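Student: Could we work through this model together, one question at a time?

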Amino acid sequence: MSLLSALTSLTLGCLYLIRFETIRRTYKAIQWSSDALKTSHTALWNVYNLLALPSAWLAWSLLFFVVCLMSIVWQPIDATIGGTGSLGPLHLASKIALSALLFVGMVHLSYALVAFAGYGSRLDKKLLKKLQSFSGDIETNSATNSDNDNNDSNDSGLPNNSMPRSFNSSSSTIV
């Protein structure tokens with residue numbers, strides 16, 4: 001199952017590379033994106049799912065691989081194949097070590113997913129609030145500055161306070 005899923009992921013990725021290579025002209029790319037936006041946005045099939053298919057199949061491949069690996073690691077020793085029934089504490093230690101390694105990997109994966117979730121819509125909302133507060137500060141500063149420094153200007157015709165302090169010609173030191 002793991003190999004078939006990986007093969008499907010690789011095949012879809014290659015098909016996308018071949019297909020998108022033909023969309024080199026700007027008008028073709030614009031037409032493709034406008035057609036993609038016109039299609040229905042059902043939960044099961046849309047352009048976003050189409051573009052995510054290679055990575056989804058790769059994720060399934062990794063999941064199947066881990067399941068197969070753990071089933072081989074924790075397979076009981078069969079006495080009919082020539083085993084003695086138990087290989088001692090070293091065999092058990094290797095099983096526990098591989099399982100612990102898998103557990104640590106899953107913990108790191110969960111930490112990464114939580115970190116990536118912070119870069120989603122929450123970050124967009126924070127940025128929007130910052131921009132709104134920043135634009136409010138600019139509006140209040142420009143209203144007070146227009147009353148105070150209406151006729152002050154430098155050589156460029158801009159008000160003196162419109163340039164950053166480090167580039168203002170009236171300051172003698174660069175900050």
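Student: What average pLDDT does the protein have?
Tutor: This is a predicted model, and confidence is therefore given per residue on a scale from 0 to 100. Of the residues, 70% score at least 70, while over residues 161-175 the pLDDT is below 50, although this stretch has ten contacts in the model beyond near neighbours in sequence. For the protein, the average pLDDT is 76.

Student: How many Å apart are the end C-alpha atoms of residues 96-119?
Tutor: The UniProt record, an unreviewed entry, places the feature "transmembrane region" at residues 57-75 and 96-119. In the model, residues 57-75 are 89% helix and 0% strand, with end C-alpha atoms 27 Å apart. Residues 96-119 are 92% helix and 0% strand, and their end C-alpha atoms lie apart by 35 Å.

Student: Is Lys95 buried or exposed?
Tutor: Lys95 belongs to helix H4, which covers residues 89-117, and, leaving out residues up to four places away in sequence, Lys95 touches Val73, Trp74 and Gln75. The relative accessibility of Lys95 is 11%, and the cut-off for a buried residue is under 20%. Because its value is 11%, Lys95 counts as buried.

Student: Which residues is Trp32 in contact with, leaving aside its neighbours within four places in sequence?
Tutor: Trp32 lies in helix H2, made up of residues 26-38. With a relative accessible area of 34%, Trp32 is partly exposed, since that class lies between the 20% and 50% cut-offs. Beyond its neighbours within four places in sequence, the contacts of Trp32 are Phe20, Ile23, Val47 and Leu51.

Student: Which helix gives the most to the lining of the largest pocket?
Tutor: The largest pocket, with a volume of about 200 Å³, is lined by Ala59, Leu62, Leu63, Val66, Leu102, Met106 and Leu109. Helix H3, residues 47-73, and helix H4 each supply at least two residues of this lining. With four residues, the helix that gives the most is H3.

Student: How many nonpolar residues are in the lining of the largest pocket?
Tutor: The lining includes Ala59, Val66 and Met106, and Ala, Val, Leu and Met are among the residue types that count as nonpolar. By class, the lining has no polar and no charged residues. The number of nonpolar residues in the lining of the largest pocket is seven.

Conventions
Residues are numbered from 1 along each chain as its sequence is written. This is a predicted model: local features need pLDDT of at least 70, side-chain atom pairs count only at pLDDT 80 or more; totals for chains, interfaces and linings use all residues. Side-chain values use heavy atoms; hydrogens and water are left out. Buried means under 20% relative accessible area, exposed over 50%, partly exposed in between (1.4 Å probe, protein chains only). Contact means heavy atoms within 4.5 Å. UniProt positions are given in the numbering used here, feature names are shortened, and annotations may be inferred rather than shown by experiment. On a 1 Å grid over the protein atoms alone, a cavity is a set of points where a 1.4 Å probe fits but cannot get out, and a pocket is an open set with protein on both sides within 12 Å along at least five of seven lines; lining residues have an atom within 4 Å of a point. Grid points are joined across faces, edges and corners, and a volume is the space filled by probe spheres set on the points. pLDDT is the predictor's confidence in each residue, from 0 to 100.
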